[in-house]
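Dear colleague,

My notes on it follow directly after.

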Amino acid sequence: MKDNKKNNDPTSPYQLFNFGPMLCKMKLDDANLKKYTKFVSKKTSFINETLAGVIKHEHSVDLQKYGEIINPYLSIFYEGFQRWYGIRPPSKLLLTRAWANFMVAAEFNPPHTHPNCDFSSVLFVKIPKELKEEHKKFKGTGAGPGALSFFYGGNQNFSICYMHFFPEEGDFFMFPASLTHFVSPFTSGGERISLSANFSFDFKRK
């Protein structure tokens with residue numbers, strides 16, 4: 001399923017997938033990805049009590065610093081939005097919240113959505129080599145250890161209601177905040193670092 005692309009232009013800076021809600025995947029270049037390592041830290045405040053994850057270290061991220069790097073990619077997202085929905089976005093998106101997930105063995109994110117916003121995102125900063133090896137050895141029919149999964153509705157014939165991805169560093173996904181998603185646990189060593197963020201349409205900014 002992960003190669004089931006709606007946008008098949010290999011030169012495009014984004015991918016859309018044959019799926020119900022809009023699911024947009026982009027790729028941050030190495031230079032921009034490295035900028036995140038300078039301010040993503042476990043020293044910022046814990047925000048676990050406001051999140052669904054079974055993860056010890058979930059920490060706030062400075063919105064201004066996050067936005068300076070990610071805002072140029074929103075222009076790419078707007079192009080994908082118009083292609084998918086056939087209309088221009090109703091307004092610019094405003095970054096309302098961002099946080100870092102430092103996930104280790106046995107931790108996971110259960111199926112959940114993000115309330116009080118319009119679109120959500122996840123950026124993968126680090127995938128440990130131990131997890132990459134564990135995922136390669138996985139033989140089951142599911143998404144596998146450390147994978148990101150999306151699903152909507154119930155299982156239906158002739159419908160694609162479920163998609164999953166084993167992420168790489170720099171992968172950046174944007175999707176409707178109401179789209180259910182989850183992250184599978186893993187057992188290997190190392191730390192899987194991702195950045196999540198919420199966005200809302202800012203109708204003051206056309």
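What is the volume of the second largest pocket? In this predicted model, the second largest pocket has a volume of about 280 Å³. Its lining comprises 24 residues, and those closest to the pocket centre are L51, W99, H112, H114 and H181. Strands β4, β5 (109–112), β6, β10 (180–183) and β11 each contribute at least two residues to this lining. By class, the lining of the second largest pocket consists of twelve polar, nine nonpolar and three charged residues.

I turn next to the nonpolar cores. The largest contains 36 residues, and Y36, Y66 and F77 have the most contacts inside it. At least two residues of this core come from each of several elements, among them α1 (30–36), α2 (63–85), β4 (92–103), β6 (119–126) and β11 (192–202). Helix α2 gives the most to this core, namely ten residues. Beyond its neighbours within four places in sequence, Y36 is in contact with L28, Y66, I69, I70, L123 and L195. A second, separate core has 19 residues, including L131, F150, F175 and V183.

Finally, a residue in a loop: D118 lies between β5 and β6. D118 counts as partly exposed because its relative accessibility is 33%, a value between the 20% and 50% cut-offs. The side chain of D118 reaches the backbone nitrogen of F201 at 2.8 Å. Setting aside neighbours within four places in sequence, the residues in contact with D118 are P176, A177, F199, S200 and F201. D118 and K129 are eleven residues apart in sequence, yet their C-alpha atoms are 34 Å apart in space.

With kind regards

Key: Residues are numbered from 1 along each chain as its sequence is written. This is a predicted model: local features need pLDDT of at least 70, side-chain atom pairs count only at pLDDT 80 or more; totals for chains, interfaces and linings use all residues. Side-chain values use heavy atoms; hydrogens and water are left out. A nonpolar core is a set of buried Ala, Val, Leu, Ile, Met, Phe, Trp, Tyr and Cys residues joined through side-chain atoms within 4.5 Å. Buried means under 20% relative accessible area, exposed over 50%, partly exposed in between (1.4 Å probe, protein chains only). Helices (H or I, at least four residues) and strands (E, at least two) are DSSP runs, numbered from the N terminus. Contact means heavy atoms within 4.5 Å. On a 1 Å grid over the protein atoms alone, a cavity is a set of points where a 1.4 Å probe fits but cannot get out, and a pocket is an open set with protein on both sides within 12 Å along at least five of seven lines; lining residues have an atom within 4 Å of a point. Grid points are joined across faces, edges and corners, and a volume is the space filled by probe spheres set on the points. Ala, Val, Leu, Ile, Met, Phe, Trp, Tyr, Cys and Pro count as nonpolar, Asp, Glu, Lys and Arg as charged, and the others, Gly among them, as polar. A polar contact is a pair of N or O atoms within 3.5 Å; within protein, one must be able to donate a hydrogen and the other to accept it, and residues adjacent in sequence count only if both atoms are side-chain atoms.
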